[in-house]
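Colleague: I would like a close look at one part of this model. Please keep to that part and take it step by step.

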Amino acid sequence: MKHSVLLFASALLLAAPAGAERDRDHDRARAALERGEIRPLHVILPGVEDRFDARLLEVELEREDGRLVYEMELITPAGRIVEVLVDAASGDVLEHAFEDD
Amino acid sequence: MTRLSLRLRLALAGAVAVTLAIVVSSLGLAALFGAHVERRALAELSVQLDQVLAGVERGTDGALELATDPADPRFRRVYGGLYWQIAAEGQVLRSRSLWDYEIPLPADTLGDGAEHVHTLVGPVDQPLLAIERSVTLPARLGGGVMRAAVAMDRTALAVARADFLRDLAPYSAVLAAALIAAGWAQIAVGLRPLGAIRARVADIRSGRERRLGADFPAEVQPLAAEVDDLLAAREQEVERARTRAGDLAHGLKTPLQALMGEAGRLRAGGRGAAADAVEEIACAMRAHVDRELARTRVAMRGRQARADLADAVAGLLRVIRRTEDGARLDWRVDLPEGLIAAADSADLSEALGALIENAARHARSCVEIAGRPSGQQIEIVIRDDGPGIAPDRIEALMARGARADTRGSGLGLAIARDIVEALDGTLDLSAADPGLAALLTLPGADPS
């Protein structure tokens, strides 16, 4: 039963235009922040930018393995693009990869 | 403590003023530029706000939503720099660029339709330039009232202003340097009359001019007039002092003559030793009186005097050849034409006469008189072939009032030296082989 709901939800997600879904993630972020589930992006971001010496290009809020994560794309002054997965609740960097690795 | 020169004072004051003016005007320009940039930004925000308002629709769930996102991609990128926010019916719609942040709109009541400009706090605590407007929805959308705002990072405006200032800086610096240089040139031109005064004072010292005169700028003229008055007063004082000295010398002449007469009476009375002593003292006193009279006479004459050396020597030789000493000697004269000394001819004759007379008295067979120009000066050498004077005695001989022998020949040399010095010349005696050489240097007259 639970499975079929999830499937249904995924089907809905797939059916909806990807852009529209992406457009709504900031509202989900706002709601999660108000519920206290995540820390504000502007608090987490400086640490991440400092750590990779890079500037934020784009952020998406995703739910992975039951927790909310920020999926960030950053660009270094040298022009390398870094993808970073950050735990939205703790601000810890979960994994990162240089896009051209 | 030495005072700053006028030039430096003016230059420093000018440089400070120019620098201040340039700095202030640069800042003023930057402020103007900043205001202009902000006006442009507000105009753009106004366009964006219209676009946001145009996109408001009621969604399938009945809630208000922005059906059409504004075209600018900065609205969609997180912290993209351009933000919109709508508050209506208790819900808040936000651009994706705000992410999890909600702009705290001020709680003022907006008049319908009026655009309000605010500085608000942005998602990363940056200042935002925002315009906000209250709008009444059409009946199709329920007819309620909503507040819509669009905002942009103010930082960008500050950066633009700073960039402008930085771009302006080199031009401002060049302009300041050019103005300071121009100021320096102005000072140089303006202070030139002071240099003219210095030259004129030097002319007065050298006797080419007597007064500073009246052809100076109005600011300097009072100083020149004062100096001229001072010169006139000094001249009068010196004149009076000279007159008194001359009167004194004249006054002493007759008593001295009388004293000599008394000495003659002593001698006639058989007291030769006492007579000699009195005569010697009287001679020494007369020497002083004669020197003072000679000096007074020279000083009374101006410095514009000119005397032809060859003429003076020829006149003196005519006289000396009639004397016992002059007649027996061979006179060798080597004077080129056109040697003109800046001296009165009587003074020149007196000085040369004393030297020639001295040479005639001591020469064995001949006296040489030679002259030549030496730069601005004229050099004259008078040499005899007599016994000469030991070098250590020459100095004593030239001392004031000294005498080479009891016959009083040193007196002539001392008078000659006084006159020569009054004429701004020099007299040097040196031992020649054989005899004595007198080297006389006199200022040459300006060619005219």
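Over how many bridges do β5(B) and strand β6 of chain B pair, and in which sense?

Modeller: This is a predicted model, where local features need pLDDT of at least 70, side-chain atom pairs count only at pLDDT 80 or more, and totals for chains, interfaces and linings use all residues. Residues are numbered from 1 along each chain as its sequence is written, while chains are lettered from A and ligands numbered from 1 in the order in which they are written.

β5(B) and β6(B), residues 127-136, pair over seven bridges in the antiparallel sense. Helices (H or I, at least four residues) and strands (E, at least two) are DSSP runs, numbered from the N terminus. Two strands pair if DSSP finds at least two bridges between them. One bridge joins T119(B) to L129(B) in β6(B).

The pair belongs to an open sheet of five strands in chain B. Its order is β4-β3-β7-β6-β5, with antiparallel pairing. β4 (91-94) and β5 (115-121) of chain B are the edge strands, and each pairs on one side only. On average, neighbouring strands in this sheet are turned by 25° against each other, direction ignored. Axes are lines fitted to C-alpha atoms, for helices over the stretch in contact, and angles run from 0 to 180 degrees between N-to-C directions.

The crossing of α1(B) with α2(B) is right-handed; that is, the near helix is turned clockwise from the far one by less than a right angle. The residues of this helix contact divide into 23 nonpolar, six polar and three charged. Ala, Val, Leu, Ile, Met, Phe, Trp, Tyr, Cys and Pro count as nonpolar, Asp, Glu, Lys and Arg as charged, and the others, Gly among them, as polar.
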